[in-house]
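Please keep the structure open while going through the numbered points.

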Amino acid sequence: MEPLLIYGAYGYTGERIARTAVDRGHTPVLAGRNPERLHSLAADIGVRSRTFALDDDIERHMAGIETVLNCAGPFESTADPLVEACLNQGVDYLDITGELPVFERLARRDDEAAAAGTTLLPGVGFDVVPTDCLAAHLTDRLEEPTHLSLAISATGSLSGGTLKTLLAGLGSGGAVREDGHLRAIPTGSKSRVVDFGAGNQTVLSVPLGDLTTAYHATGVPNITTYIAVPDGVGHAIRLGRPIERLLSTAPAKRLLMGLADRFVEGPTEAERAENGTIIWGEAWSETTGETVASTLRTPDPYDVTVEAALAAVEAIDDVSEGFQTPATAFGPAFAVELPGITRTDR
Ligand SMILES: NC(=O)c1ccc[n+]([C@@H]2O[C@H](COP(=O)([O-])OP(=O)(O)OC[C@H]3O[C@@H](n4cnc5c(N)ncnc54)[C@H](OP(=O)(O)O)[C@@H]3O)[C@@H](O)[C@H]2O)c1
């Protein structure tokens, strides 16, 4: 996998990935825009670093690099310049985004990436490795699947970067995939009760990256993605839509982003050990009337992200060029080969 460049290396998740990469015997080049934070981390773990912002001449900093792992989010503002440089330099691009618009834009560059001999593989973190692999597994179990639903039930706290990414997406509304096309619907406007295998929970529709990745991985034309919410929250979300619109204004977002920067540290090791998720998926065939369901249990999403991202960069040389998802790149079993992830067919 060498030589690997990790951009956003001194962020909460980037640092954990960089440290684990070195523990696994790799010698990544660390990169980011803040020289002090970058040099201090690189010196601490004994690797080289390259300081550059994303409005610099990025291509100059790609010399000798074969793979970029982008950990700097929100990816809405970091993915495009790095992808551009990777396409121009024939460098493979991976990131840990979960942002739907980023997947959509990168999927549209499939032909360009193939022509450049480059693999574009966004989403090698918790979003979307387990869900993408579950989607592919479910559609392998069913003849002529036409509908797919995925839902995540999670516990635990967030890092500042994750919170800022969620805030950046506020007010952009929800979506589902219908007949192969993304259709805008208000966030939370679809709901159902799901049996996660550990009790029933109400889930609300949210526009996860799987609306693009699962479509690409399975070809199923109708996809809805959900998250589980505590009782009463669904009602509050519907009542709160006017507040969501207020929060989506630029001054409100700036204020909230500033607060996220100042006050959110990210989960500690002890907190991560307590966290976990259950992912439920269901595929249905309108043609045969058959339905299959499966669940995945995972450790803390940040721990999954570190393991999944490194497993992906370690195997990237064998992946075809063009736009890929975790399941198209490594197959449906990729998620269950990661530590602590188990699957149950229901
Ligand atoms: N897929 C998943 O499941 C998953 C898991 C974990 C994290 N994430 C995502 O990964 C991202 C990072 O999360 P985190 O927890 O590591 O957050 P974090 O601790 O806030 O780190 C964010 C990193 O991104 C850099 N960055 C942000 N905007 C940048 C820009 N425009 N140009 C250059 N660098 C920029 C930051 O550098 P500065 O300090 O210089 O701004 C910092 O190094 C978030 O978007 C989060 O949602 C996804």
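1. Is tyrosine 302 buried or exposed, and what is its relative accessible area? In this predicted model, tyrosine 302 has a relative accessible area of 8%, and because buried means under 20%, tyrosine 302 counts as buried. Tyrosine 12, with a relative accessible area of 22%, is partly exposed.

2. A search of the whole structure gives 3 aromatic pairs. One of them is formed by tyrosine 7 and phenylalanine 52, a tilted pair with 5.2 Å from centre to centre and 40° between the planes. This pair links distant parts of the chain, since tyrosine 7 belongs to strand E1 (residues 4-7) while phenylalanine 52 sits in the loop between strand E3 (49-51) and strand E4 (67-70), 45 residues apart. Both tyrosine 7 and phenylalanine 52 are buried.

3. Tyrosine 12 and tyrosine 302 also form an aromatic pair, here edge-to-face, with 5.2 Å from centre to centre and 85° between the planes. Tyrosine 12 lies in helix H1 (residues 12-23) and tyrosine 302 in helix H13 (residues 301-315), so that the pair joins distant parts of the chain, 290 residues apart.

4. For helix H3 (residues 75-89), the 15 residues should span 21 Å at 1.5 Å a residue, and the end C-alpha atoms, 20 Å apart, agree with this. The buried residues of H3 include Phe75, Leu82, Val83 and Cys86, and among the elements that cover the buried residues of H3 are E1, E4, strand E5 (92-95) and helix H4 (100-107). Just after H3, glycine 90 adopts a positive phi of about 65°.

Key:
Residues are numbered from 1 along each chain as its sequence is written. This is a predicted model: local features need pLDDT of at least 70, side-chain atom pairs count only at pLDDT 80 or more; totals for chains, interfaces and linings use all residues. Side-chain values use heavy atoms; hydrogens and water are left out. Rings of Phe, Tyr and Trp (its six-membered ring) pair if their centres lie within 6.5 Å; planes under 30 degrees apart count as stacked, over 60 as edge-to-face and the rest as tilted. Helices (H or I, at least four residues) and strands (E, at least two) are DSSP runs, numbered from the N terminus. Buried means under 20% relative accessible area, exposed over 50%, partly exposed in between (1.4 Å probe, protein chains only). The expected span of a helix is 1.5 Å times one less than its number of residues. Contact means heavy atoms within 4.5 Å.
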